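Here is a short report on selected secondary-structure elements and how they pack. Look at the sequence and the model before reading on.

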Amino acid sequence: VSRVFGLAYAETDALAKLIPDELGITLERALEMEPRLLELTEKDPKIRRIIQISRRLEGLLRHASIHAAGVIITNEPLVKYCPLYKGREGEQVVQFDKDFSEQIGLVKFDFLGLKTLTVIQNASNFIRRDFNPDFDIESIDMEDQAVYDYISEGKTTGVFQLESSGMKDLCKRLKPGTIDDITAINALYRPGPMGLGMHDEFIERKFGRKEVDYFFEGEKSLEPVLKDTYGIIVYQEQVMNIARTVGGYSLGEADMLRRAMGKKKEKEMARHREIFLSGAKERGYELKRAEEIYDLMAEFAKYGFNKSHAVAYAVIAYQTAFLKTYYPASFFAALLGTEINNMDKITMYINDAREIGIEILPPDVNESLYLFNVIDDKIRFGMGAVKNVGLGPVNAIIEEREANGPFTGFIDFCERVNMKACNKRVIESLIKVGAFDDCEKLNRATLLENLELVVSYASKKQEEKRSGQVNLFDMGESEETTEEMLNINEITDFEDKEKLGYEQELLGIYVSGHPLDKFGEVLTELVSMPISEIHELPQMEKPEFDFRNRDAQRNDPSKRNLTIAGMISEKKVINTKKGDKMAFVTIEDLSGKIECIFFPKSYMECFEVLESDEPIVLNGYVRLSDDRRSFYVNSCRELTDESEDRVSAVRINIMTPTINEYTLPKLKQLLLSYRGSVPAHLIFESEEGRARMNLSENYLVNPTPQMAAKINELLNHNSVSFIVDGKLENPTLSQ
């Protein structure tokens, strides 16, 4: 609708990003949940019109879509059962939807195409090439304790299904030691089971801190069905087996019960309750206990996972963990190759690889493939990751070096590689990212300066060769090198800053270093947390209060004041309807990237800083209720600037209803871990009033942004303020 009304792309994009990323969201609900969307609708007549028309179109079918994984299999030609049509790629598509297809007796199978299988295959190819020609992922030891230890330490970045921060935490707490444990992790780490506390109960029982209950004693115990999950009903298959064991169901009947429970069909479940209890009575089970079990099954079946699916995922998770444990370079090279167009993932995986000691090398014309390669347990960037370098030029380079050996220098490269496939723009990009550094003694700036000259010479020479001509001067013997003949003009090389700038521009990431490296521990002191950790902060539900209330917005419990630092990698400035300028800026630190939003006021104040190509520090906040996390900027400055402001005191506001036996000891521990010279005092607030407590000299603190961020997370709201020169302020960097 925005396109039809001619709204600028940047405005349309900003508007679309305000719609919360919630399953089944409606525009009505979006307006209730997102105050900025409501504000735009009320202030801007054009956007109000767009929203009005969008609400009238909402719910209408936009197009006929094809199920991503659904395949219908029949024993007769499909056309005998239903009408077909051709998809965009020429595939045969059933005209009926899933439910109607089932009603006429067809069966739908889901085939999931997982890129992790490609990762495993490509990593196995590297291993067979470099280590063991007979390596087979299907033959690895599935009970290798070293792999389970690795998973239990939470070192699961890149490991299938186990790489989110929540999964890492669950792995550290549950400490899996078998495939059954990883299967359970897959099934338990979902909103339903976690909402019921099933993961905590599982862990307590696994480590013997709580007694395992199998419902019945002696022969009638359900231990054979529930032993793997310590007496907790986790899988749909367990529901079916309990129905068979206790209620006397057949396999088919048990499956019908599972369906009824999963789809919450009340009438069906009431009917099955009678059948189940009747069967339990016949088999001599205690009726009251059988009723409890049925109710438990009904509750767990809402969230029950298909065990066969969880086992398949657990096997793939173990296989990727095995590869990461024993062949990390091969694993990361394969993993990076599947994410070549996702810079956030590339950054995350490269940082993780570096943390475990794997060196990341820039592209190289003699060693790079199209995707990432492994050379002596180091990862060589793929030439396909370089902007302006496509598959055609890379294939031409690889074919030539495989046929006639490695390139001995830049001129040799230009003379040998087909100039029609590998044009000047491609070569320029390869020079800028250092792809000739290892085979050429001339520096990058010199190669760029003489690029036109060398490419013209090489193209002419290749043309003469194709036409069968021989250059008169080539016939005679001459000791003069091609370099001397062309009179190559050697100049001073680029500074490191320029080299890194080209890497960022053409690879989307700094490879040979990072502009922030030189700031070292100073950077750690200045920021609240690395950018990657901001994305992993736990999600909060949208607050229920009225967003039209400005005070309520200021006190939004999902807001977290933070300080970040990094380099500007992207910047987009737009005009608002009022004619003011605002900006969307991508900031990158050593760990990752985040979109930073500068509203008109902060943009005007930060304009000069945003024109700099130096590292900058930003103060602002994130909303933990945002589905796509952005950083809203209040102020910023260059990282090299030093502040003379002094914090004279730290104030911590504590809402008394939130205090428990965990909160205060943890707060004490945090304060002691940030010892310094600044006094701190606590403000206890409740409906009855407030009370102030000045802490003793034992609790003098060093008021850093990290300390503020950790206390805010503990108390679950913006509770820390710094007093600067007698004024109360939020803990920004300048303080």
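The notes below cover a helix, a sheet and a helix pair.

## Basis

The model is predicted: local features need pLDDT of at least 70, side-chain atom pairs count only at pLDDT 80 or more, and totals for chains, interfaces and linings use all residues. Residues are numbered from 1 along each chain as its sequence is written, and side-chain values use heavy atoms, with hydrogens and water left out.

## Helix α6

Helix α6 spans residues 115-130, 16 residues in total. (Helices are DSSP runs of H or I with at least four residues, strands are E runs of at least two, numbered from the N terminus.) From first C-alpha to last, α6 reaches 23 Å, close to the 22 Å expected at 1.5 Å a residue. The expected span is 1.5 Å times one less than the number of residues.

Buried residues of α6 are Thr-116, Val-119, Ile-120, Ala-123, Ser-124, Phe-126 and Ile-127. They cover an arc of only 160° around the axis, which puts them on the same side of α6. Buried means under 20% relative accessible area, with a 1.4 Å probe and protein chains only. The arc is taken from the directions from helix axis to C-beta atoms. These buried residues pack against α17 (307-326), α18 (328-338) and β6 (373-375). Contact means heavy atoms within 4.5 Å.

## The sheet with β6

β6 also belongs to an open sheet of three strands, in the order β5-β7-β6, with mixed pairing. Its edge strands are β5 (360-361) and β6, each pairing on one side only. Pairing requires at least two DSSP bridges between two strands.

β6 and β7 (residues 378-380) pair in the antiparallel sense over three bridges. Ile-375 stands opposite Lys-378 in β7.

Conventions:
Buried < 20%, exposed > 50% of the residue type's maximum accessible area, 1.4 Å probe, protein only.
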